[in-house]
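Morning, everyone. Please look at the model on the screen while I talk.

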Amino acid sequence: MIDAALSSSGAQVVLATSSDENYPPENIIDGTETFWISTGMFPQEFIIRFSGTQKIRLVTIQSYNVKNLKIQKSTFSDATDFEGIIDKEFEHTEGQLQSNDFALNGTRATHLRFIITSGFDHFVSVHRVMVEGSSESNL
């Protein structure tokens, strides 16, 4: 199994609804201690495109101040026709990162869209998205 959401694995952030030059959305997939921060207001979203179709076993998101998150998938080569797969309310973890795992049991996707519909503050941050899976070409 690989982390398909790493830029070193060919993943890209192809859309983000906000960007700060010091905390760009690409930080979500760089595999380091950096992060993306929203610029306020909700919803906020970002889309990760994989290098090819992935068979996803587990998605882990590390964030701060996220209250509600929806995850959608697309199986098309373009970021279109998304289908909802997760809708989760997070616990408030004052002063520490939220870490949430979502078992997807082999769900196939070319893109994942993460929609933050609300936060515990005006600003939220996403530190890392990890996608444990395997490339369809390796199955």
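First, the ground rules. This is a predicted model, where local features need pLDDT of at least 70, side-chain atom pairs count only at pLDDT 80 or more, and totals for chains, interfaces and linings use all residues. Residues are numbered from 1 along each chain as its sequence is written, and side-chain values use heavy atoms, leaving out hydrogens and water.

Now the core. A nonpolar core here is a set of buried Ala, Val, Leu, Ile, Met, Phe, Trp, Tyr and Cys residues joined through side-chain atoms within 4.5 Å. Buried means under 20% relative accessible area, exposed over 50%, partly exposed in between, with a 1.4 Å probe and protein chains only. The largest such core has 28 residues, and Phe114 and Val129 touch the most other members. Val129's contacts (heavy atoms within 4.5 Å) beyond four places in sequence include Asp3, Ile28, Phe46 and Phe114.

On to charges. How many salt bridges does a search of the whole structure find? Three. The term means a side-chain nitrogen of Lys or Arg within 4 Å of a carboxyl oxygen of Asp or Glu.

Asp3 pairs with Arg128, with the closest N and O atoms 2.8 Å apart. Both residues are buried.

Next, Glu45 and Arg113: their closest N and O atoms are 3.6 Å apart. Glu45 is buried, at 17% relative accessible area.

Finally, Arg57 meets Glu132 at 2.4 Å, N to O. Arg57 is partly exposed at 40% relative accessibility. Glu132 is also partly exposed, at 26%.
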